Amino acid sequence: MLKSKDLLGLKQLSAEEINEIITTAEMMKMVLDTNNKKTSHLQGRSVVTLFYENSTRTRLSFELASKYMGSVSANISTSGSSVNKGESLLDTARTIDMMATDIIIMRHNQSGAPHFIAPHLKSSVVNAGDGMNEHPTQALLDMFTMKSSFGKIEGLKVAICGDIFHSRVARSNVIGLTKLGAEVSLFGPPTMLPMGIEKMGCKVAGSVHEAVEGADVVMGLRVQLERQNQSLFPTVSEYANFYSITQDVLKLANKNAIVLHPGPCNHGVELPTVVYDSPQSLINEQVKNGVAIRMAILYMLMARRNQQ
Ligand code: NCD
C-alpha cells in the first residue's frame with residue numbers, strides 16, 4: 001500500500017513501495033498481453049491529464065492505462081485551456097479537483113510544480129515530469145524493464161550517458177536504482193554533468209568507455225536542446241564522437257547487456273540507429289512497459305483512496 005495519496009517522486013517512495021509497484025506492473029503486463037485489456041479497477045472513477053509540456057509516450061500511456069482500467073478520463077493541454085488566459089496553476093488544478101476528479105496526472109516545466117499543488121487538492125497528483133527535477137513513472141518503467149531482463153535490480157551495473165544536467169529521467173533513475181541496490185555510473189559532457197551529483201550515491205565516469213565497461217544496462221539520454229539557452233557542446237558531430245553509445249562502445253558492456261532510452265531519441269547523436277534497432281535494444285519494450293507501470297500506479301493510488 002502506498003503511504004502517500006500522491007506520487008510525486010522516487011525520493012518520496014521507499015524501496016518496498018518501488019518493488020510493490022514493479023510487481024503490480026508484472027501482473028498488469030499479463031493483462032495487456034491478453035485479447036481483453038479491460039479491467040474494472042477504475043470503474044466509476046475519473047483521471048485527468050494536465051500537460052504543460054509536450055509528450056507522446058507518457059501522456060498516451062497514462063490515457064490508455066486509465067481507459068483500459070475503466071475510468072472516465074479527460075485531458076487538458078495548455079493550448080486551448082484558460083491557462084492561455086493567464087489562469088494560475090493552482091486555480092487550474094483546483095478547478096479540475098472540484099469536478100470530482102480522483103487522479104490528476106501533471107507534467108510541468110517548473111521543478112516542484114506537482115509538489116506545490118498536491119497538498120491543496122483532494123485528488124491524487126502524479127508527477128509526469130517536473131522541469132529538471134524528477135520523472136518517477138519513467139524511472140519506474142525503466143527499472144521494471146531491467147527487472148524483467150535480469151530478474152533483479154540489486155547488484156546491476158547501470159551506465160547512464162548523455163545530458164544528465166537537464167534530465168529528470170536521470171535524477172529519478174539514480175534515486176530509485178540506488179535505493180534498490182544497483183550501481184550507477186554517469187557520463188556526459190562536463191557542461192552537462194551537475195557538480196556534486198556523486199552525493200546522490202552514483203559514480204561519475206571519465207569517459208563513455210569507462211561508464212559502459214562491464215555494464216548490464218546502458219541508458220542513453222536525449223540532448224535536451226529546448227532547455228538550453230546556450231550551446232553546451234561545440235557541434236552535434238563532436239558530441240557523437242565523444243559521447244555516443246556506438247556498437248564499439250557497447251562491446252565493452254556485459255555480453256547480456258541491454259540498451260535503454262526514454263525517447264524521443266536523436267538518432268546518430270545519443271546512439272546510432274543500428275544500436276537503436278539492435279537485439280540488445282529494449283527501447284520499444286520500454287514503451288510497452290510504460291503502459292503496464294502506469295496501470296500499476298493508477299491501481300495502487302486507487303487502492304489507497306478506497307481505504308480512506
Ligand atoms: C523524457 C522526458 O520528458 O523527460 N521523455 C519521456 O517522458 N519519455 C525524456 C526526454 O524528453 O528526453
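## Backbone geometry in two loops

Proline 264 lies in the loop that connects strand 9 (258-260) with helix 10 (273-276). In this predicted model, the peptide bond leading from glycine 263 into proline 264 is cis, and its omega is near -5°. Most peptide bonds are trans, and most residues other than glycine have a negative phi.

Alanine 100 belongs to the loop between helix 3 (89-98) and strand 3 (103-108). The relative accessibility of alanine 100 is 59%, so this residue counts as exposed.

## Packing of helix 1 against helix 5

Two packed helices are described by the angle between their axes and the distance between the axes. For helix 1 (residues 15-32) and helix 5 (residues 136-150), the angle is about 70° and the axes are 10 Å apart. The two helices are therefore roughly perpendicular to each other, since angles of 65 to 115 degrees fall in that class.

Helix 1 contributes Ile18, Ile21, Ile22, Ala25, Glu26 and Lys29 to the contact, and these meet Leu140, Met143, Phe144 and Lys147 of helix 5. By class, the residues of this contact comprise seven nonpolar and three charged, with no polar ones.

## Alanine 296 and its partners

Helix 11 (residues 283-307) contains alanine 296. With a relative accessibility of 0%, alanine 296 counts as buried. When neighbours within four places in sequence are left aside, the residues in contact with alanine 296 are Ile21, Thr24, Ala25 and Met28.

Isoleucine 21 is 275 residues away from alanine 296 along the chain, yet their C-alpha atoms are separated by 6.0 Å. Ile21 and Ala25 also take part in the contact of helix 1 with helix 5.

## The two sides of helix 8

Which residues of helix 8 (residues 236-243) are buried? They are Tyr239, Ala240 and Tyr243. Viewed down the helix axis, the buried residues of helix 8 fall within an arc of 100° and so line one face of the helix. An α-helix has 3.6 residues a turn, so residues three or four places apart point the same way.

The cover over the buried residues of helix 8 includes strand 6 (183-187) and helix 7 (208-212). Asn241 and Phe242, on the other side of helix 8, are exposed.

## Serine 71 in its loop

Serine 71 sits in the loop between helix 2 (57-68) and strand 2 (72-77). Its relative accessible area is 11%, so serine 71 is buried, the cut-off for this class being under 20%.

Apart from neighbours within four places in sequence, serine 71 is in contact with Leu42, Arg45, Val47 and Ser66. Serine 71 and glutamine 43 are 28 residues apart in sequence, and the distance between their C-alpha atoms is 5.1 Å.

## Cysteines

How many disulfides does a search of the whole structure find? The search finds zero. The closest cysteine sulfur to that of cysteine 161 belongs to cysteine 202, at 12 Å, which is too far for a bond; a disulfide would require the sulfur atoms to be within 2.5 Å. For cysteine 202, the closest cysteine sulfur is likewise that of cysteine 161.

Is cysteine 161 buried or exposed? With 2% relative accessibility, cysteine 161 counts as buried. Cysteine 202 has a relative accessibility of 6% and also counts as buried.

Conventions. Residues are numbered from 1 along each chain as its sequence is written. This is a predicted model: local features need pLDDT of at least 70, side-chain atom pairs count only at pLDDT 80 or more; totals for chains, interfaces and linings use all residues. Side-chain values use heavy atoms; hydrogens and water are left out. Buried means under 20% relative accessible area, exposed over 50%, partly exposed in between (1.4 Å probe, protein chains only). Helices (H or I, at least four residues) and strands (E, at least two) are DSSP runs, numbered from the N terminus. Contact means heavy atoms within 4.5 Å. Axes are lines fitted to C-alpha atoms, for helices over the stretch in contact, and angles run from 0 to 180 degrees between N-to-C directions. Angles under 35 degrees count as roughly parallel, over 145 as roughly antiparallel, 65 to 115 as roughly perpendicular and the rest as oblique. Ala, Val, Leu, Ile, Met, Phe, Trp, Tyr, Cys and Pro count as nonpolar, Asp, Glu, Lys and Arg as charged, and the others, Gly among them, as polar. The arc is that of the directions from the helix axis to the C-beta atoms.
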